[in-house]
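Please open the structure in your viewer and keep the sequence panel beside it. The tour below goes from one selection to the next.

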Amino acid sequence: MTVAANPIGQAITWINDPLNWTNPGGMLDRLGEHLTISALAVALGCLVAWPLGLWLGHLGRGGGLVVLISNATLAIPTLALLTILPVVFASGFGKTPVVVALAVFAVPPLLANAYTGVRQVDPEARDAARGMGLSGAQLLRRVELPLAVPYLAAGFRTAAVQVIATAALASFVNGGGLGQIIRTGFGIGIAAGGGQIVAGGVLVAGLALLAEVVLGGVERLVTPKPLRRGRQRLGRPRAADATGSA
Amino acid sequence: MSFRLSYRADPGNPWFSWQYVRDNSDTILAAVREHASLTGRAVLIAVLIALPLSVLAYWVRPLAGPILAVSGVVYTIPSLALFAFIAPYLGTGATTVLVGLVLYALLLIVRNVVAGLNQVPPEVREAAEGMGYGRWRRLFRIDLPLALPGIVTGVRLATVSTVALVTVGVLVGHGGLGQLIFAGFQNNLYKAEIMTAALLCVALAVVLDLLLILVARLVTPWSTRRAR
């Protein structure tokens, strides 16, 4: 069992080498890949989960389905999905299968929060809107959707942080991203690559924490003031993010 | 999308193959054993650390915020990065995986145990005090038993997510069934190997979860009695 001599010192040296930033496959390349994959995955997840969640919430049905989907994805190892999807898509190992695999993990928090967001709307507000003669679609668009925005934002943050964390695993199927820096480090061996491994870890962790903080700010901004204090984050409990950070 | 019935279109490389399972039963069993043992040890250690930590957060209110916040930050760190931080110090052994798994499981358990402890009704607490229960006796006779549902929830969540997380241990060569998934990927996309390992992973999570539900029934007989 080998152990690196001074991983933190090595990591600082590695990060300070400008070539490690600008080389092909350097930090900037990987960061770009990471953000592209994550953004596409979250967008795809929103596209699928939000309409479905809002619609189910509007109908007031399918709560069991939402819970089932959340629980099922908790048990599926990320690595398995990342490996299986590229084989299913005959396209091979381009970006698409990785994006789809990541989107699968973005769906549960988005879906659960969209559903809860609509369900928590005060029934009296709904009745008042009905009384004013709003049709079902109008009710959803003009009353339920605006009132669900804070929940949508909370789901978006959870999903995005989860996807950014999980995207690091894309490196196992040669999908690129910041995880690749860590994998390359392990390829070199811990004794020589320890610095690079730690540096990659710092980048991946830093990006995830940054996303959490920034999106937390966004969430606050879109939440109307009276609703800000004392509201717990809803939907899939943070606990269930487990798979996401896997 | 070209999802098709592979056993017909692609006889050489099916998704499911008993042949594979039979020929590699030793490897598969060893992987399952490693997977289960890593999960079991990680959850056990996490419980042993989480319980005192939760009680501390419960007794010393000002500490509750920081304890939950720190474990929350650790939880946000992607697993790959966490393993990357640990590996250079602990080497590429099973210990690295174990430490990472424990850190993740910790938050899930602490959060749920603290929630469970806080749910103990104040009247009950006061009644216990009125009966002359000291701090420790109240903890073991009143608070912890009443917090058992929360503890069980935490342990179940931690177990299921740990099973999924073990696979990331591939990075340092101790990923249990993840080892097979990754080998299948590298081995020219050996579908049967990938699928078998993935299904076993999910199955292991389900089995362990059911076991924990059973244990929960046994340790909280009053919950089922009340339901009846």
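Helices here are DSSP runs (H or I, at least four residues), numbered from the N terminus. This is a predicted model, in which local features need pLDDT of at least 70 and side-chain atom pairs count only at pLDDT 80 or more, while totals for chains, interfaces and linings use all residues. Residues are numbered from 1 along each chain as its sequence is written, and chains are lettered from A in the order in which they are written.

Next, select residues 1-9 of chain B, where pLDDT stays under 50. Chain B as a whole averages 85, with 93% of the residues at 70 or above, and the model scores ipTM 0.76 and pTM 0.81.

Now show both sides of the contact between the chains, counting two residues as touching if their C-beta atoms, placed from the backbone, lie within 7 Å: 42 residues come from chain B and 43 residues from chain A. On the chain B side, α5(B) gives the largest share, eight residues.

Finally, select helix α5 (residues 78-88) of chain A together with α10(B), whose axes (lines fitted to C-alpha atoms over the stretch in contact) come within 10 Å and cross at roughly 145 degrees. Among the residues making this contact are A:Ile84 and A:Val87 of α5(A), and B:Ile194 and B:Lys191 of α10(B).

Technical notes: Helices (H or I, at least four residues) and strands (E, at least two) are DSSP runs, numbered from the N terminus. pLDDT is the predictor's confidence in each residue, from 0 to 100. Axes are lines fitted to C-alpha atoms, for helices over the stretch in contact, and angles run from 0 to 180 degrees between N-to-C directions.
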